[in-house]
Amino acid sequence: MSRVLAEGVDAGVAAHYGDPFREQRHLAEDVGVVDRSNRGVIAVPGADRLTWLHSLTSQHLESLPAWHGTEALVLSPHGHVEHHFLVGDDGATTWLDVEPGTSAALLGYLQKMVFFMRVEPADVTADWAVLSVIGPRTAEALARLDVTLPAEPYRLAPLPGGGFVRRMPGLGADLLVPRDQKDTVIERLDAPLAGIWAYEALRVADRRPRLAFETDHRTIVQEPEWIPTAVHLEKGCYRGQETVARVHNLGRPPRRMVLLHLDGVSEELPVQGTAITLGRDGRPVGFVGTAVRHFELGNIALGLVKRNTPDDADLWIGETRVAVDAHADTDSDYGTSQVAARAVPKT
């Protein structure tokens with residue numbers, strides 16, 4: 001099978017294996033395996049790990065039960081998003097898997113905040129890898145590893161060779177596996193391989209934001225709709241909490257994430273950060289996040305636009321006309337407050 005490597009942020013994993021649209025269909029209609037081993041992994045063992053992370057992040061973690069997970073953010077003092085990561089706790093260690101290339105910066109921040117807490121955060125990316133198994137037949141693939149897919153989003157199940165399976169909302173499951181066992185695990189799953197292009201196409205269609213793609217240095221948590229999955233509105237103080245509470249209680253955020261349909265005239269997809277303008281040569285009202293070719297929807301993209309931009313506005317990205325998908329809202333299978341409530345039990 002021919003493999004074409006990804007470039008840029010996702011360098012180090014396959015972009016596709018020869019037929020990106022076929023790979024998307026496997027993920028959407030059957031099952032497929034995506035190598036996401038370019039993600040960083042930070043391990044946080046220690047008796048104080050959950051209360052410590054609780055104090056530093058946007059999520060309620062101090063009462064997180066063993067073999068549960070969630071999502072969380074680290075914010076700046078002004079409430080801007082600095083880090084996003086997936087969380088899993090196995091009863092002895094809390095595992096954070098993060099965007100490629102961000103583990104060093106996150107670890108540096110965590111190490112500065114240790115003080116006298118009983119925690120030992122460490123970058124273990126060299127030893128652990130992330131895989132994603134996606135599709136309606138995910139449970140069948142996991143059964144070949146002698147693992148049962150957890151019944152609820154963000155719940156974990158241990159893998160026989162070490163690591164865990166974490167069920168994800170609407171997208172199958174993520175696996176944290178020893179890096180030296182990655183190829184063996186992929187072989188035992190006995191499911192078609194899909195590249196990161198296919199994964200990203202489904203992510204965009206599902207309106208799920210990605211750090212540094214649908215965010216910039218000014219992004220606050222409400223703009224890319226991270227409230228339902230990565231922010232707990234009833235927990236105590238943490239860095240940036242004042243901005244989160246003020247925007248939630250007093251008004252809407254200045255920008256909103258939208259799903260855009262591109263007219264398809266140009267064969268080139270717009271690059272991340274390209275301006276979205278009101279009119280072909282008009283004023284900028286936002287920027288493009290991730291643009292993809294979807295096997296059913298055609299060329300689509302996520303963008304961040306000013307909140308007062310009407311859904312029927314005459315929007316352009318360079319020479320490409322775009323339309324806002326007004327039917328894509330936050331009440332999807334992925335972005336619901338009920339999912340967040342299940343992910344992190346309240347005390």
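The legends below describe close-up views of a predicted model. Local features are given only where pLDDT is at least 70, side-chain atom pairs count only at pLDDT 80 or more, and totals for chains, interfaces and linings use all residues. Residues are numbered from 1 along each chain as its sequence is written, and side-chain values use heavy atoms, with hydrogens and water left out.

**View 1. Crossing of helices α1 and α6.** Helix α1 (residues 20-29) and helix α6 (residues 196-205) have axes that come within 8 Å and cross at roughly 55°, where axes are lines fitted to C-alpha atoms, for helices over the stretch in contact, and angles run from 0 to 180 degrees between N-to-C directions. This angle makes α1 oblique to α6, since angles under 35 degrees count as roughly parallel, over 145 as roughly antiparallel, 65 to 115 as roughly perpendicular and the rest as oblique. Helices (H or I, at least four residues) and strands (E, at least two) are DSSP runs, numbered from the N terminus. On the α1 side the contact (heavy atoms within 4.5 Å) is made by Pro20, Glu23, Gln24, Leu27 and Ala28, and on the α6 side by Trp197, Ala198, Tyr199, Ala201 and Leu202.

**View 2. Strand β19 and its partners.** Strand β19 (residues 320-324) runs antiparallel to strand β14 (residues 255-262), to which 3 bridges join it, and two strands are said to pair if DSSP finds at least two bridges between them. The hairpin of β18 and β19 has 2 residues between the strands, and Gly318 takes a positive phi near 65° in it. Thr320, Val322 and Val324 form the covered face of β19, whereas Arg321 and Ala323 form the uncovered one.

View 3. Residues up to four places away in sequence not being counted, Thr290 touches Glu200, Arg203, Val204, Phe213, Glu214, Ile300, Ala301 and Leu302.

**View 4. Covered helix α2.** Helix α2 (residues 49-56) is mostly covered, with 6 of its 8 residues buried, namely Arg49, Leu50, Trp52, Leu53, His54 and Leu56. These buried residues pack against β4 (40-45), β5 (68-75), β6 (81-89), β7 (93-98) and α3 (103-112).

Definitions and conventions: Buried means under 20% relative accessible area, exposed over 50%, partly exposed in between (1.4 Å probe, protein chains only).
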